[in-house]
Amino acid sequence: MKTQKYIIPNSIGAKDIKILRNKLGMTQAEFALFCNVSKPTVERWETSDKKITGPVTLLAQIVLRHPEIAEQLMLPEKKYPLRLWYYYLDTVCTIIDVDIINQRVSIKNYTDNLIYRAFGRNEHPTFADYEEFLRSRCFPEERDKMKLMLRELDIPFYDPLMIIEKTDGRMAEDDFWIKIER
């Protein structure tokens, strides 16, 4: 016989799903994305007269007790024309918005672990910090046979952002990578 270690709800009702979704200020489609289910699943949950089971019961309990969690996970509105998504494996660690022309940077971290943050402890990186971060995700400019590597990537000159666009900023020795959104 298994020993129960946690007090978790076995089920949740349609009314509770609606309350949770409304408390979060989400549409059914947004709530579906938040729960990683389809919109028809949320529609079914909200109209069901049966008890709803599964991971959503625990998610509902956590978010109802701590609504700030949803706020912390919210994607910020894009501040500047360029957005970089800094990942560790499949987990978003930092969102970086960049205005190259005016040399401005804005970030939002999604982890408390400094090792996984794009700028570590620095919550307000400068444009110079951003440029250094980009260089850290590329092969060094001084590297032997750098021109051959650029030719292989079909890049005319050393530009860290262009290199990251081709390589996703992946380095051989780690599992971090970058998705670029323009």
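1. In this predicted model, strand β2 (residues 91-99) and strand β3 (residues 104-109) run antiparallel and are joined by 6 bridges. Within this pair, I96 has I107 of β3 as its bridge partner. The hairpin that β2 and β3 form has 4 residues between the strands, and in that hairpin Q103 takes a positive phi near 50°.

2. Turning to the pairing of β4, strand β1 (residues 82-88) runs antiparallel to β4, and 6 bridges join the two. A reader who wishes to find this pairing in the structure may look for Y87, which stands opposite W177 in β4.

3. For the chain as a whole, the count is 8 helices and 4 strands.

4. Helix α1 (residues 14-24) packs with helix α4 (residues 55-65) at an angle of about 45°, and the axes of the two helices are 11 Å apart. The two helices are therefore oblique to each other, and the crossing of α1 and α4 is left-handed. On the side of α1 the contact is made by I17, L20, K23 and L24, while V56, A60, V63 and L64 make it on the side of α4. Of the residues in this contact of α1 with α4, 7 are nonpolar and 1 is charged, with no polar residue among them.

5. Helix α1 also meets helix α2 (residues 28-35), where the axes come within 10 Å and cross at roughly 100°, so that α1 and α2 are roughly perpendicular to each other. Here α1 contributes I17, L20, R21 and L24, and α2 contributes Q28, F31 and F34. The residues of this contact of α1 with α2 divide into 5 nonpolar, 1 polar and 1 charged.

6. How do α2 and helix α3 (residues 39-47) cross, and within what distance do their axes come? The axes of these two helices come within 8 Å and cross at roughly 105°, which makes α2 roughly perpendicular to α3. In this contact Q28, A29, F31, A32 and C35 of α2 meet K39, V42, E43, W45 and E46 of α3. Sorted by kind, the residues of the contact of α2 with α3 are 6 nonpolar, 1 polar and 3 charged.

7. A last point concerns the overall dimensions of the chain. The radius of gyration of the protein chain is 22 Å, whereas a compact globule of 182 residues would have one near 16 Å. Taken along the principal axes, the box filled by the C-alpha atoms of the protein chain is roughly 65 × 45 × 30 Å.

Definitions and conventions:
Residues are numbered from 1 along each chain as its sequence is written. This is a predicted model: local features need pLDDT of at least 70, side-chain atom pairs count only at pLDDT 80 or more; totals for chains, interfaces and linings use all residues. Side-chain values use heavy atoms; hydrogens and water are left out. Axes are lines fitted to C-alpha atoms, for helices over the stretch in contact, and angles run from 0 to 180 degrees between N-to-C directions. Angles under 35 degrees count as roughly parallel, over 145 as roughly antiparallel, 65 to 115 as roughly perpendicular and the rest as oblique. A crossing is left-handed if the near helix is turned anticlockwise from the far one by less than a right angle, and right-handed if clockwise. Contact means heavy atoms within 4.5 Å. Ala, Val, Leu, Ile, Met, Phe, Trp, Tyr, Cys and Pro count as nonpolar, Asp, Glu, Lys and Arg as charged, and the others, Gly among them, as polar. Two strands pair if DSSP finds at least two bridges between them. The radius of gyration is taken over C-alpha atoms; the globule rule is 2.2 Å times the number of residues to the power 0.38.
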